[in-house]
Amino acid sequence: MASGADYIECHARSAFSFLYGASQPETMAERASELDLAGMALCDRNGFYGSVRFHQRATEHGIRAMIGAELVMMDGTAVPVIVLNRRGYRNLSRLITRAQLRAPKGEAALAWKELAEVSEDLAVLSGDEEGPLEVAWRARGAEGMREALETLRGVVPAENLWIELQRHCLRGEDQLNRAKVDLAEATGIPLLATNGTNFAVPENRTVQDVFTCLRHHVALDNAGRLLAPNNDRHLKPGAFMAARFRDLPEAVLNTRRLAERVEFTLENLGYEFPRYPVPEGETMDSFLEKMAMAGARDRYGKITRLVREQLQKELALIRKLGFSGYFLIVWDMIRYCRDNGIMVQGRGSAANSAVCYSLGITPVDPIGAKLLFERFLTEARQAWPDIDLDLPSGDQRESVIQEVYQRYSRRGAAMTANVITYRGRSAMREIGKVLGFPEEMLGRFTDLYASGDYPHTLEFREQVKQSGIDIESPQTKALMHVYPQVYGLPRHLGQHSGGMIICQGELDAIVPLENASMTERTVAQWDKDDCEDMGIVKVDFLGLGMMAVMQESIELSRERGRPLDLARIPKDDEATYDLMCAADTVGVFQVESRAQMSTLRRMKPRTFYDVVIEVAIVRPGPIVGDLAHPFLNRRDGLEEVDYIDEKLKPTLERTLGVPMFQEQVLKMAMVMADFSGSEAEELRRAMSFHRSHERMQRVEKKLLDALRERDVDEAKIEKIVKTIGSFALYGFPESHAISFGILAYASCYLKVHHAVEFYTALLNNQPMGFYAPATLIQDAKRRGLKFLPPCVVESEWVCTIIDDRTIRLGLLMVKGVAKSRVEEMLAVRARRAFSSLVDLRARTRFECDELRSLAHAGALNAFAGSRRKALWQVERLQPEQGDLFASGFTEVMAADVSPLREMTYPERMHADFEGTGVTVGMHPMKLVRPQLPESILTAEGVKTVPSGRRVEVAGAVICRQRPGTAKGVVFISLEDETGISNSIVYPDLFEKLRLTIKTEAFLHIVGTAQQAEGSTHILVKDVRPLKLELPAAASHDFH
Amino acid sequence: MYGVLWLPRFRLQAVLRGESNTWRPFALVDDAQRKPVVLVCNEAAARYGIEPGSPVGRGLARCPELEIRRPDPEAEESVRRLMLAVAWDWGPKMEATERNLLTLDLSGQGEKERAGAAEETRERLLDQELVSCVGLAATPALARIAAFAAERETGKIWELPESRRLEALDRLPLATAEMDGRLIERLQTWGLHFLGEFARFPRSSIAARLGEEGVEWWDLLNSRDCPPLRLVQPAHRVEERQELECEVDSLEPVLFLLRRFLSSMSLQLRALSRVAGAMRLSLQLASGEDYERRFQLPEPTREEEILFRVLHGHLEQIELRAPVAAVTLEMVPVDPREVQRGIFDTALRNPWKFEETIDRLVGIVGNENVGSPRLNDSHAADDFRLDALPKQIEEPEKETGPPVCGPVLQRWRPPEEAVVQYRRDGWPERVESSHVRGWVTGWRGPWRGSGHWWNRRAWSRIEWDVEIESGQVYRLTKTEKRWWVEGCYG
């Protein structure tokens, strides 16, 4: 007789078996622990997607975590396999990669002979209803099942094969199981009891049914017997399973026997970072030291004792931890970028390292800036250090990513995954569809969501009601039952924006790889946290639009004989600080948002460190921690400086007692609780690690104990713990703030001193940043720049500079015109200028629609004199239509005078917005101003209205924001011909006028003026659509 | 001369017909779209800036009291038939150009007669709660444009005189002519906004630039295009159906609706020169059931009052089990002469008797219990439906897979409630019901099932097969907290 302790669950699927399982792997592990299961095998479909999460949580709870997968075969059956040893893991990972890479997403399948190649090191189960035995049983009864088993025996060694038995309280299963038992007796293949578990607890069956419907694209009402017949597929205690199989104790005992054969766990993954090929006679350690010292000489000029000591300290630790190869490889990638003219800058905590600075990885001198190296690397830290590289977004970043693939092979490098989960909209739409809610109703529900990642203030129940869904109907109750369960479950796998992992051997032996949606890229089945947990090094190649802008600005400046070296721009430029103080920062890096502008007016930065604080201050962390205002108040002398404890003064002095950076938080723990650097970093990491609540509680307790041991006052303890908690989640490392501060300052400097180059580059690198091109152009015009429209005679593909104050828009601005045909046109034009429209048509390959678009946007005016004349001629040029009506072609082109009347100014403006999204002429609001009542003021006019007075303003919505930290408050920026006005909408009013605010392109706002510290805001009382014939540019919403 | 009879906002009119508050803002929305948009809205909604193509969200933002309706193909079909019937009286040379647009050849009708007939047609449709527009012009295409133009005029009749054609077209925006959106866009980029502007361009310039499509429009606007009509007659099927916005549980609203149906159907029968030989009334109940009744009329007629009395008399006698959600009335049109000649002659020996027998059967066992049983695709036990009696018995589908063996279950209908004692280990020990009593000597199970958790049909059950002392094997079922003997084996 088998006991409960003998039972190990050998066949479980998590929600990472996309649409086959209904619980998170962590939840499965926790439930297994609650049920006192000794172990469990996670067999997700064609992958190890959830294995790390499962392994981590299972290990935390003392559960034996076995790794497996459910392999889909080419005949449509599915075979569960469990990894027995490391070789089995590596082979299986490679096999899954092979299947994934050769098939479209979601269609990977294996041939039986491929399973034979790896089955020596795998435990192979016969599977459940999709397993080969049961499929054969349903088709051809016992004989079919016997033949299917023979196929399995042909590819799997007998000692690695198990006949799987499941009991789910269903009529008919006894007959099937009897046939399996007979087969086992006849062949000697052991039986294995499993529960084919799909979810943790019985309630999750509803999710399983919804997922089944999504998989089959049917509604629940029409799903019939596709759905589960009962809710039996949940995890069960060992004793229960032993009782259920009391007549077949061997089947239960075999689960333990199988588990005993499993040697492999994810602890012994065998990952190795690539070795850097060093010159003969060098080791990686010695070579790194040489390069770092040489770099330091370049950076510092002279290596002082302080610099030498810091470098030696860092190098010693790097050597000890075996990270030299990693630094050299990153250094090599930096060299590749520099050699290929690609701007690159390290960010994140790497900037705390003098070695990184010396190697040219980061631009910040950590010694000069007194940055804390321990934030970057500590002895206790087992994980690889975090080096993020900012690159110009677009082609240049892609070329770097492709270079990594080139160097380490397609199967040696991959992007990390980004697990896309079911969230508000997607969850509601998919569940609603399955439950049979009309699309229109779901549309109304999802329209009530705001975009972006901010706390949704409308409660789910209220949102359902507002969408007109009957809250009392059983369908709605079902929805409200399923929705919270589905929320957060994985939906599909995307790719991380820039995180890449590489491996010394083949990466596909460590984690299965798949095709990314972008061609030429592969993506790993684990996300960045999984990789970090498994000790796999990740390098982030992040694309920054502003890097591309800066690179182009520098190139343009050089071409125009005004060379510029960003490393050498003065850090004390008065005009640049004046720009920031005036919050005239549309288009610059980081400090261009409404919130940043508002803080800039208070902050009034006059030094580079002010900029660093400005970058860090408008973050969720400081606001959550209620600390932004104390800093500004202290700075303005409105509040007394408080260091929490006098011992913290040296740490917090430069931020007036307000901890602003992660380094300060680490130091606080070190000073107040005597934490070592490693302990402090462990504290920060644990608190920022969202997945493990227990881990967070553990370190928090450690901190509390340490503080109490040192007799720290309870009030101070509370303050310290609260501060550390909020900062660990959101705070910047100071080094990171400095890196971003450099970019913010430099972009402001460019805007002041190289405006024409800066705006040109901004327009050429859209979309990026906070504002649409139309707003950027209006901003540039307010700075005295002039824009010329796109023109086929003068324009290039990109925007170009005519003189210090004039920019010619490029043909990239014209919608509906292909880059390839413009480039061909430019090549033809370079050989000989076009003499007429006929000449242009004859020598280029523009499509009819493209010519119309060009004419409509005014780009053919050089030939025709006006847009309408150009349109008349362009239409006349369509030869394929003329053949039918030869009489029409008797007219001579020259004599074919346009009978069309010329466009009026408003028509031209409409044509501009339709054709290019921008206008080089006046702002649309100026055009309609005469039609507006006098009570509606301009943005400039609003600034003169005293606080508390009623005010009306109207304009194009350029930004709608609802920051997560603003407790539901919405900020709206309206642009008119004089500038930008900012309005604040409180949550109650927003809920009432949500759809107007969200959907209208032009708004008329009525409210009360608020003037404070140089900023003007309108406290909104009413919002109406501005119903005028106005062309609208795009707005930037809810970021 | 040609006339066009057009029902603007046809789909919305069809849906709103019979509603009393049509002055309120209404919009018809296609809810099959992922991002639902307004298909058509009434004038009250248009005053808020809502227009076809507006996202529903924006519509609701501009007008929170906007009422949303969904298209109703049956109501549309009913209106279409009615329109045909009414127009038939104006002129029999008629083309059903579109579902909501009829083109009539009015040659032979004098100006005065034409105008009078047009007005009368409009009024007859208004009596049926339908607003129509009439266009009169020298060609069908221009008449069509005139009908569209009429919508903007208060008179709802617009004549486009050939002698002042271009001047008249100068008042009509390009969109009036239903040109392809891309063509309108192109013309608008040329600065053209009215049809007259376009019609004044030299034909050759249009040919060179806009090709065949442009020339077709140019010819049409310049009266150069007059294709023959494809004549139609009113349809022979006379049926009205309406789903009720709110379910009704009293007779009055149903009678009101039936009276409206009869008014429209009577017109249709008249257009067909037919009378009703029989009627079929179908009431769809909120419970999902249908109540159906066929009325064989002893004396065929199209008199509204007589037909109404028949329906009224019957409805007063019956009691429905649930509120009414939809009403369907169908007439069987017959030729009065033929009907009089052989009213009871049919292919069946005595179909009237057969109908009567079925009617009686329905009266005894209820509508829901007559038909041919079919198993539903469901895990629920004994889940079947009754389909209409088949014309012929179909061959059963061949079963695949392992043979199903074991004794046959004789299902008891209804199942018998039982008291079951069970052992500490959860297995049944003793069963007692009206017909079954004894200690359990053997068992199989339990088998568990549940489903339909998302709607009112949610179910959950546990089944056991038990043998009692007598040797008889029964199926026991537990649903919620009650036990049942569901049948016996063998």
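The legends below describe several close-up views of a predicted model.

**View 1. The open sheet of chain A.** Seven strands of chain A form an open sheet with mixed pairing, in the order E8-E9-E14-E11-E10-E13-E12. Strand E8 (345-347) and strand E12 (513-515) of chain A stand at the edges with a single partner strand each, so one side of each is left without a neighbour in the sheet. On average, and with direction ignored, neighbouring strands of this sheet are turned by 50 degrees against each other. Within the sheet, strand E11 (residues 490-502) and strand E14 (residues 538-544) of chain A pair in the antiparallel sense over three bridges, and Met500(A) has Val539(A) in E14(A) as its bridge partner.

View 2. Helix H21 (residues 545-559) of chain A lies across strand E9 (387-392) and E14 of chain A, and its direction makes an angle of about 50 degrees with E9(A). At 1.5 Å a residue, the 15 residues of H21(A) should span 21 Å, which agrees with the 21 Å between its end C-alpha atoms. The helix is mostly covered, since eleven of the 15 residues of H21(A) are buried, among them Met546(A), Met550(A), Ile554(A) and Leu556(A), together with Gln551(A) and Glu552(A). The buried residues of H21(A) pack against E9, helix H15 (395-408), E14, helix H32 (734-753), helix H33 (755-764) and strand E16 (800-803) of chain A. After H21(A) comes Gly561(A), with a positive phi near 75 degrees.

**View 3. The crossing of helices H11 and H13 in chain A.** The axes of helix H11 (residues 284-300) and helix H13 (residues 324-339) of chain A come within 9 Å and cross at roughly 50 degrees, and H11(A) and H13(A) are therefore oblique to each other. The crossing in which H11(A) passes H13(A) is left-handed. On the side of H11(A), the contact is made by Met284(A), Asp285(A), Phe287(A), Leu288(A) and Met291(A), while H13(A) contributes Ser324(A), Gly325(A), Phe327(A), Leu328(A) and Trp331(A).

View 4. Phe445(A), which is found in helix H17 (residues 439-447) of chain A, is buried, with 23 other C-beta atoms within 10 Å. When neighbours within four places in sequence are left aside, Phe445(A) is in contact with Met428(A), Gln463(A), Val464(A), Ser467(A) and Ile469(A). Phe445(A) and Glu398(A), by comparison, are 47 residues apart in sequence and 38 Å apart in space, from C-alpha to C-alpha.

**View 5. The contact of chains A and B.** The contact takes 50 residues from chain A and 43 residues from chain B. On the side of chain B that touches chain A, helix H3 (56-62), helix H10 (203-221) and strand E17 (437-451) of chain B each supply at least two residues, and H10(B) gives the most, with eight residues.

**View 6. Backbone geometry at selected residues.** Most residues other than glycine have a negative phi, and most peptide bonds are trans. A cis peptide bond, with omega about 0 degrees, joins Gln766(A) and Pro767(A), and Pro767(A) has its place in the loop between H33 and helix H34 (773-782) of chain A. In chain B, the peptide bond from Arg413(B) to Pro414(B) is cis, with omega near -5 degrees, and Pro414(B) is found in strand E15 (residues 409-422) of chain B. Ser409(A), although not a glycine, has a positive phi of about 75 degrees; Ser409(A) lies in the loop between H15 and strand E10 (413-421) of chain A.

Notes:
Residues numbered from 1 in each chain as written. Chains lettered and ligands numbered in written order. Predicted model: local features only at pLDDT ≥ 70, side-chain atom pairs only at ≥ 80, totals over all residues. Pairing = 2+ DSSP bridges. Helix = DSSP H or I, 4+ residues; strand = E, 2+ residues; numbered from the N terminus. Axes fitted to C-alpha atoms, helices over the stretch in contact; angles between N-to-C directions. Contact = placed C-beta atoms within 7 Å. Expected span 1.5 Å × (residues − 1). Buried ≥ 20, exposed ≤ 12 C-beta atoms within 10 Å, placed from the backbone. Parallel < 35°, antiparallel > 145°, perpendicular 65-115°, else oblique. Left-handed = near helix turned anticlockwise from the far one by under 90°.
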